[in-house]
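Please keep the sequence and structure at hand while reading.

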Amino acid sequence: MSEMTNESTGRAQQAGQTARQEASATAGRARQGAGQVVGTATDQVRAVTGEARAQAGAMAGDLRTRVSEEAESQTRRGAQVMRQWADDLSGLADGADADSPARSLVTQAADRGHRAADYLDTRGVGGLVDDLQDFARRRPGAFLGGAVVAGFAVGRLAKAGSKANGSGSAPPGAAGARSRPADAAPEPPDHGEV
């Protein structure tokens with residue numbers, strides 16, 4: 001019986017050793033497969049990231065091009081409008097009396113308008129921006145003061161435009177009235193102190 005026990009024990013040990021070897025081999029294959037999956041996933045992430053960067057760069061370039069084209073288009077339209085105003089002023093000056101002081105002022109304004117329109121046509125937005133940057137470097141105080149005045153003027157024009165459209169004005173009889181909910185009871189009249 002002892003021989004049988006030894007033989008059983010030997011077979012059990014051999015089976016255990018075989019199972020350990022199989023488990024070790026399986027674990028090694030699993031680690032290798034997991035490493036390949038991680039490597040493939042990393043490569044995919046890099047490829048997607050690279051593609052996203054390339055597309056973002058292309059979109060940014062396209063956006064810059066569109067903004068630049070729109071700015072140039074607006075500048076050309078502005079030059080056309082300015083030239084039309086200058087032509088209108090020249091027409092007014094031609095119809096005025098020769099000795100009229102207003103005629104010389106209108107003629108000067110028309111000449112400056114034509115020069116400004118020509119400047120915008122030749123230099124475009126890039127030239128305008130370059131000149132503004134140069135002026136800001138040379139005279140920062142004057143540039144900031146001009147920016148404040150321009151901002152104030154634009155704000156006033158916007159406010160005047162909204163009032164002219166009726167969106168900024170209160171309805172008649174509403175001046176000084178306090179707002180209250182429609183279902184609130186009317187306030188008692190104020191009779192003052194006696």
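Is Asp-43 buried, exposed or partly exposed? Asp-43 is partly exposed, with a relative accessible area of 48%. The model is predicted, and 7 salt bridges are counted in it.

- Asp-43 and Arg-46 form a salt bridge through their side chains, at 3.8 Å from N to O.
- Both residues lie in helix α1 (residues 2–95), where Asp-43 and Arg-46 are 3 residues apart, about one turn of the helix.
- Arg-46 has 59% relative accessibility and is therefore exposed, since the cut-off for that class is over 50%.
- Asp-62 and Arg-66 also meet in a salt bridge, with an N to O distance of 3.3 Å.
- Asp-62 and Arg-66 are 4 residues apart in helix α1, so about one helical turn separates them.
- Asp-62 is partly exposed at 37% relative accessibility, whereas Arg-66 is exposed at 54%.

**Salt bridges beyond these pairs**

- The side chains of Asp-134 and Arg-138 form a salt bridge of 3.2 Å, N to O.
- In helix α2, Asp-134 and Arg-138 are 4 residues apart, which means a separation of about one helical turn.
- Asp-134 is partly exposed, with a relative accessible area of 34%, while Arg-138 is exposed at 53%.

**Nonpolar surface patch**

- Leu-128, Leu-132, Phe-143 and Leu-144 make a nonpolar surface patch of about 340 Å².
- Helices α2 (101–138) and α3 (140–165) each give two or more residues to this nonpolar patch.
- Leu-144 is in helix α3 and counts as exposed at 55% relative accessibility.

Key:
Residues numbered from 1 in each chain as written. Predicted model: local features only at pLDDT ≥ 70, side-chain atom pairs only at ≥ 80, totals over all residues. Heavy atoms only, no water. Patch = residues over 30% accessible without salt bridge, like charges linked within 9 Å, V, L, I, M, F, W, Y side chains within 5 Å. Areas by Shrake-Rupley, 256 points an atom, 1.4 Å probe, with all protein chains shown as cover. Salt bridge = Lys/Arg side-chain N within 4 Å of Asp/Glu carboxyl O. Buried < 20%, exposed > 50% of the residue type's maximum accessible area, 1.4 Å probe, protein only.
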